Amino acid sequence: MAISFAGGIAPPPLLVLLADGEVHSGEWLATQLGQTRAAVWKGVERLRAIGIEVQALARRGYRLTKPVELLDAARIRAELAAQRMAHLHSLELLFEVDSTNTRLLGSAPPPQGTADVCIAELQHAGRGRLGRRWIAPFGGGIAMSLGWACSDVVRTLPALSLGVGVAVSRALTRAGAQGISLKWPNDIWFKDRKLGGVLIELRGEAGGPAHVVIGVGVNLSLPDEARREIEAGGTAAAAVSDACRQPPSRNLVAGAILDELLSMLLQYERYGFAAFRDAWTALDGLNGRPAQVIVGQNAVFGIARGVDADGALLLETADRVQRFVSGEASLRLTHG
């Protein structure tokens with residue numbers, strides 16, 4: 001099967017030179033780029049305009065506020081098992097994009113049994129669940145979308161986000177993270193704080209399989225300012241680095257997530273959620289704890305009792321066990 005790897009829109013050469021986080025003089029940068037020092041200054045301003053923090057040090061030069069590991073297709077592919085490579089139709093790395101999900105949804109679906117993948121350094125309109133904005137500081141996370149042709153949407157979609165959660169948790173464990181858990185239906189947790197999320201979108205295809213796009217956003221590291229911004233919106237935030245003894249490689253994490261997603265999809269197509277229910281239950285961050293589920297304007301309180309065979313959340317209330325196929329679930333904090 002032919003596999004195409006699109007390099008996408010490359011990062012600015014100035015950024016590549018500054019990525020090591022060291023101080024580089026304007027003269028050296030100008031020589032490396034074949035530009036004037038004035039052009040280098042304009043390049044610095046362009047980086048700042050898209051949210052990349054570049055320090056200017058008097059009589060010394062420029063540096064990023066911290067080193068950044070730019071995305072690298074070869075290093076990402078190195079994490080893929082040979083049997084998964086055969087199911088990768090295309091891998092596109094982009095420097096900036098409005099939304100990786102939107103980009104794939106606007107394209108034709110890949111051939112059945114293969115995936116189109118888009119990973120971006122910068123998302124200007126990244127989306128979380130329920131239309132929320134996904135906040136991702138430059139170089140501090142993974143913004144990945146995977147397109148897949150799905151012939152049986154009714155059977156596949158209801159619990160697919162749970163299978164994705166299992167795949168992402170396995171990838172993070174490969175990268176050295178410990179203590180990862182999942183919150184129904186779409187959140188990746190560390191110590192009851194959100195470090196990642198899943199957004200699945202669907203586009204019907206006339207006379208053919210549906211085009212399913214799986215979006216995964218993961219915080220690898222979070223500066224204090226970004227943490228405060230996320231938590232101001234009511235979400236307790238975490239990063240993969242919080243769960244690791246050593247800061248994980250960004251390309252390793254991206255490659256591991258892609259490898260585990262491909263592995264999961266191939267199993268899911270054959271066996272459905274049944275192949276992942278035990279693994280998901282072992283990672284369930286709500287099970288046995290006081291929880292609430294908000295559906296529309298209504299909140300239901302009870303004790304979370306895991307998920308059923310279809311991936312629906314079970315909530316034990318005062319008089320019965322209720323089943324939810326959609327809704328916003330969260331811990332219900334008790335005081336006493």
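Which exposed residues does the face of α2 turned away from its buried side carry? They are Glu27 and Thr31. Exposed means over 50% relative accessible area, buried means under 20%, and partly exposed lies in between (1.4 Å probe, protein chains only). Helices (H or I, at least four residues) and strands (E, at least two) are DSSP runs, numbered from the N terminus.

This is a predicted model, in which local features need pLDDT of at least 70 and side-chain atom pairs count only at pLDDT 80 or more, while totals for chains, interfaces and linings use all residues. Residues are numbered from 1 along each chain as its sequence is written, and side-chain values use heavy atoms, with hydrogens and water left out.

Stay with α2. Its residues Gly26, Leu29 and Ala30 are buried. They sit on the same side of α2 because they cover an arc of only 100° around the axis. The arc is that of the directions from the helix axis to the C-beta atoms. The buried residues of α2 pack against α1, α3 and β3. Trp28 also belongs to helix α2. With 35% relative accessibility, Trp28 counts as partly exposed. The C-alpha atoms of Trp28 and Gly61 are separated by 8.9 Å, although the two residues are 33 residues apart along the chain. After α2 comes Gly34, with a positive phi near 65°.

Next comes α3. This helix covers residues 37-49, 13 residues in total. From its first C-alpha to its last it reaches 19 Å, close to the 18 Å expected at 1.5 Å a residue. The expected span is 1.5 Å times one less than the number of residues. Val40, Gly43, Val44 and Leu47 are buried in α3. Their arc around the axis is only 100°, which puts them on the same side of α3. An α-helix has 3.6 residues a turn, so residues three or four places apart point the same way. The face of α3 turned away from its buried side carries the exposed residues Ala38, Lys42, Arg46 and Ala49. On the buried side, the packing partners of α3 are α1 (13-18), α2 (26-33), β2 (54-57) and β3 (61-64). Just after α3, Gly51 has a positive phi of about 95°.

The loop between β2 and β3 holds Arg59. Phi of Arg59 is near 60°, a positive value in a residue other than glycine. Arg59 is exposed, with a relative accessible area of 84%.

Now follow the chain to strand β4 (residues 88-97). Eight of its ten residues are buried, so β4 is largely enclosed by the rest of the structure. Eight bridges join β4 to strand β5 (residues 115-123), and the two run parallel. Strands pair if DSSP finds at least two bridges between them. Leu88 has Ala115 of β5 as its bridge partner. Together, β4, helix α6 (residues 100-105) and β5 make a right-handed β-α-β unit. Right-handed means that, with the strands pointing away from the viewer, the path from the first strand over the helix to the second runs clockwise.

What holds the interior? In soluble globular proteins, nonpolar side chains tend to be buried together. A nonpolar core is a set of buried Ala, Val, Leu, Ile, Met, Phe, Trp, Tyr and Cys residues joined through side-chain atoms within 4.5 Å. The largest one here has 65 residues, and Leu146, Leu172 and Leu258 touch the most other members. Helix α9 (residues 250-271) gives the most to this core, with ten residues. A second, separate core has 18 residues, including Leu29, Ala30, Leu47 and Tyr62.

Contact means heavy atoms within 4.5 Å. Leaving aside neighbours within four places in sequence, Leu172 contacts Ala177, Ile180, Ile188, Leu195, Val218, Val240 and Val253. Leu265 lies in helix α9. It counts as buried at 3% relative accessibility. With neighbours within four places in sequence again left aside, Leu265 is in contact with Leu146, Trp148, Leu160 and Ile214. Leu265 and Ala167 are 98 residues apart in sequence, yet 9.2 Å apart in space, C-alpha to C-alpha.

Two loops complete the tour. Pro185 is in the loop between β7 (180-183) and β8 (187-190). The peptide bond from Trp184 to Pro185 is cis, with omega near -5°. Lys191 is in the loop between β8 and β9 (193-203). Its phi is near 50°, a positive value in a residue other than glycine. At 65% relative accessibility, Lys191 counts as exposed.
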